[in-house]
Amino acid sequence: KWSVSCNIHPKRSGHAVATALNIFNFVMGGFITTISWFLATLLSIVCIVTLPLTRACWEITKMSLVPYGNDVVKVDDLENRSNSLLAAGGFLLNVIWFVIAGWWLCLVHIAVGIGQCLTLIGIPVGIAHFKLAVVALWPVGRRVVPSELARQIRNEKAQITIDRYRR
């Protein structure tokens, strides 16, 4: 007699789905965005002015490679502090980034996202690329974190906002 047991642990099955979607993403065009981000990272290293962008580029390169199971959050939310001097510098770096590489990386993500949305199974992956297209325009001040941590940060921020309105 054959017996098939299907004990699926919720967290493990979530990781399995994320892994499957990450593989699908890579095969169906994600490698193009990952290579584009890697080249942008190298460009940011070579150009002296954009050297501070290297960390942000590398973070988004990782996100482009494995978008499922990870999420992008603002550094201020992650570290629970704000610095106006760093914010001004980040704004200036983001403007420089937009001119040098942000717009073409955004277009690459949009093109790959449209291509993936043309297949029915690729719609969730295409939506992930549309979200990354927004990040491609303005990457400084962002960090890639596990999805669970990003969810926790958003919940804590929402709770702070709710508490502020209740006072």
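1. Buried means under 20% relative accessible area, exposed means over 50%, and partly exposed lies in between (1.4 Å probe, protein chains only). In helix α5, V125, G126, A128, H129, L132, A133, V135 and A136 are buried. Seen down the axis of α5, these buried residues fall within an arc of 165°, so they line one face of the helix; the arc is that of the directions from the helix axis to the C-beta atoms. On the other side of α5, K131 and V134 are exposed.

2. A note on the basis of these points. This is a predicted model, in which local features need pLDDT of at least 70 and side-chain atom pairs count only at pLDDT 80 or more, while totals for chains, interfaces and linings use all residues. Residues are numbered from 1 along each chain as its sequence is written, and side-chain values use heavy atoms, with hydrogens and water left out. Helices (H or I, at least four residues) and strands (E, at least two) are DSSP runs, numbered from the N terminus.

3. T33 is found in helix α1 (residues 10-46). Is T33 buried or exposed? Its relative accessibility is 0%, so T33 counts as buried. Leaving aside residues up to four places away in sequence, T33 touches S64, V108, H109, V112 and H129, where contact means heavy atoms within 4.5 Å. With S64, the side chain of T33 makes a polar contact, side chain to side chain, at 2.7 Å. A polar contact is a pair of N or O atoms within 3.5 Å; within protein, one must be able to donate a hydrogen and the other to accept it, and residues adjacent in sequence count only if both atoms are side-chain atoms.

4. A salt bridge is a side-chain nitrogen of Lys or Arg within 4 Å of a carboxyl oxygen of Asp or Glu. By this rule the model has 3 salt bridges. One of them joins R154 and D71, with the closest N and O atoms 2.8 Å apart. R154 lies in helix α6 (residues 147-166) and D71 in strand β1 (residues 70-74), so the pair ties together parts that are 83 residues apart in sequence. R154 is partly exposed at 41%, and D71 is partly exposed at 23%.

5. E59 forms a salt bridge with R55 at 3.6 Å and another with K62 at 3.7 Å. Salt bridges that share partners join R55, E59 and K62 into one network. E59 and R55 both lie in helix α2 (residues 54-65), 4 residues apart; E59 and K62 are 3 residues apart in α2. An α-helix has 3.6 residues a turn, so residues three or four places apart point the same way. E59 is buried at 6% relative accessibility, whereas R55 is partly exposed at 49% and K62 is partly exposed at 35%.

6. Rings of Phe, Tyr and Trp (its six-membered ring) pair if their centres lie within 6.5 Å; planes under 30 degrees apart count as stacked, over 60 as edge-to-face and the rest as tilted. The count comes to 4 aromatic pairs. In one of them, the rings of F38 and W58 have centres 6.4 Å apart and planes at 65°, so the pair is edge-to-face. This pair links F38 in helix α1 with W58 in helix α2, 20 residues apart. F38 is partly exposed at 40% relative accessibility, and W58 is partly exposed at 40%.
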